[in-house]
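Me: I would like to learn how to read the packing in a protein model. Please take the features one at a time.

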Amino acid sequence: MPAVVTPLVTRRNSRVSAWLVGWGAAGFVGAVLVVVGAAQATSPFTSKLPGSWWFGVPAPLAGASVGTQRQWLGVAFVYAGLVALLAAWYGVVTACRCGGLVPLRPLVGMGVAWALPIVIGPPLMSRDVYAYAAQGALAARGGDPYTTTVAHLAGSPYLHLVDPLWRHATSPYGPLFLEFARGAAAAGGRHVLVTVVGLRLVAVTGMVLLAVAVPSLARSYGRSPATAFALTVLNPLLLLTLVGGAHNDALMLGLLVAGIALARIGRAVPAVVLCALAATVKVPAFAGVVFVGWSWPGPAAGWRRRLGPVAGAVAGGAAVAAAVSLVSGWGWRWLTAADPGRVVSWLDPATAAGLLAAKLAAAVGLGAHTAGAVGAARVVALAVAAAIGLVLLWRTDRIDLPAALGWTLLAVAVLGPIVWPWYETWGLALVAVTARTAARRAVLVISAVGCFATIPSHINGPGAALVVAAVLLALGTVALAIADVRCRQALSRSRQAYLSESESPQAGTPRRGAVPPQLP
């Protein structure tokens with residue numbers, strides 16, 4: 001008997017399509033607002049040094065009063081765009097949850113539309129990409145970024161764009177990414193922006209890898225590919241920090257998730273290779289090699305049977321890393337070049353614990369031991385992160401591989417020596433793939449907080465910008481609450497109608513995939 005598309009299914013599909021179109025348009029407007037706000041001449045969200053981008057850089061003789069007047073407007077535009085993007089993202093995720101089998105094609109188009117303004121706009125929220133470019137230029141000149149700082153590029157057009165915090169720091173990144181940076185700098189020559197665009201394209205490539213791998217990985221666990229795609233690829237935190245900021249975390253994440261997706265279809269060797277390549281961008285990704293090895297024998301295997309595959313995966317991953325290190329010519333210096341002590345912030349939990357301990361010690365007359373207290377607190381925090389990772393590794397089969405690895409990487413990011421919003425994307429993208437209700441809410445909340453975590457510290461104008469931002473955030477929160485209640489009410493009515501219609505003898509046979517909607 002041929003499948004019959006019931007009127008209820010048709011109405012529900014039309015409603016979901018309308019939701020997707022509306023939220024997609026809202027997200028695009030939000031992305032445009034962020035870029036327009038960041039492009040204001042005195043916006044604190046992007047570098048305004050000469051040569052930092054093709055537009056949005058103030059003229060050398062621009063008046064200070066004009067900059068002060070426009071700065072609050074730029075900040076308000078950025079925060080309004082953030083609220084719109086987050087609202088649209090939540091709406092799309094909710095639509096995917098409410099709409100049964102939502103096709104991926106409109107979500108892919110939505111992702112392209114949301115990312116396009118961000119790709120065109122200047123580097124957002126961070127000047128790290130200029131440090132990448134300078135390290136690439138140093139390598140292209142024959143220097144060694146693992147032993148020589150970019151301060152040796154005196155007279156180069158690259159140096160003045162690098163944040164002073166990193167001008168005297170050696171490169172903490174792996175040899176694979178450094179080769180990409182060297183290639184971009186060689187292609188750009190003295191044209192810094194050409195190099196920066198090349199590095200942003202590397203980040204976009206990582207996001208494309210993520211977009212390809214996520215639906216397959218979600219499908220392998222019986223999860224909705226559309227919901228997983230919306231939670232990860234459309235996540236504003238990923239779009240703004242990884243694409244907008246052109247961070248190399250995008251390449252690491254793309255390789256890592258692609259490796260986990262291969263592991264799920266039984267291709268363990270290519271999975272180990274991709275996870276190891278991700279580690280040659282940033283070291284924490286090597287955790288993926290361990291988790292792949294642990295899952296290799298299957299869920300019924302005991303821990304003794306897993307030790308051999310884990311050892312084999314670690315050996316194979318080390319061999320891949322060694323090959324990249326030798327072929328690139330950088331050796332193993334990248335494993336010891338990082339210097340996390342340069343950033344000491346109360347926003348990092350481990351560092352905050354050390355600073356608090358030092359202040360308490362000084363208060364009781366034990367002397368000032370800030371450096372030692374911070375160092376000890378960071379070691380303890382990393383030990384705690386490692387313990388969390390071991391527990392999650394042991395429970396991988398019960399939790400599932402992406403979630404166990406994702407929470408491990410999130411623990412490493414939060415308990416590491418430095419916490420930046422883009423570090424949170426390591427774990428969030430993996431947790432989101434198979435997330436159920438509680439984990440999905442955690443992804444939504446952490447991502448929203450991360451989007452507002454990079455608050456400008458050098459706003460010279462009046463506090464109007466922050467007031468406007470707070471009002472917009474409050475209005476956005478109220479709007480999301482109202483939308484959530486209305487969606488749940490509509491979903492409850494739709495589900496009751498579906499069950500009533502399915503019990504009717506005149507309803508026919510619902511078409512394949514016409515599942516009753518579920519509450520998000």
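Predicted model: local features only at pLDDT ≥ 70, side-chain atom pairs only at ≥ 80, totals over all residues.

Reply: Residues are numbered from 1 along each chain as its sequence is written, and side-chain values use heavy atoms, without hydrogens and water.

Me: How many helices and strands are there in the protein?

Reply: Helices (H or I, at least four residues) and strands (E, at least two) are DSSP runs, numbered from the N terminus. The protein has 19 helices and 0 strands.

Me: Which residues touch the most other members of the largest nonpolar core?

Reply: In soluble globular proteins, nonpolar side chains tend to be buried together. A nonpolar core is a set of buried Ala, Val, Leu, Ile, Met, Phe, Trp, Tyr and Cys residues joined through side-chain atoms within 4.5 Å; buried means under 20% relative accessible area with a 1.4 Å probe, protein chains only. Here the largest core has 129 residues, and W89, V92, L107, W114 and L234 touch the most other members. Helix α2 (residues 64–98) gives the largest share, 14 residues. A second, separate core has 7 residues, including Y146 and L178.

Me: At what angle do the axes of α8 and α17 cross?

Reply: Two packed helices are described by the angle between their axes and the distance between the axes. Axes are lines fitted to C-alpha atoms, for helices over the stretch in contact (heavy atoms within 4.5 Å), and angles run from 0 to 180 degrees between N-to-C directions. The axes of α8 (residues 236–244) and α17 (residues 425–433) come within 11 Å and cross at roughly 145 degrees. L237, L238, T241 and L242 in α8 meet T425, L428 and A429 in α17.

Methods:
Buried < 20%, exposed > 50% of the residue type's maximum accessible area, 1.4 Å probe, protein only.
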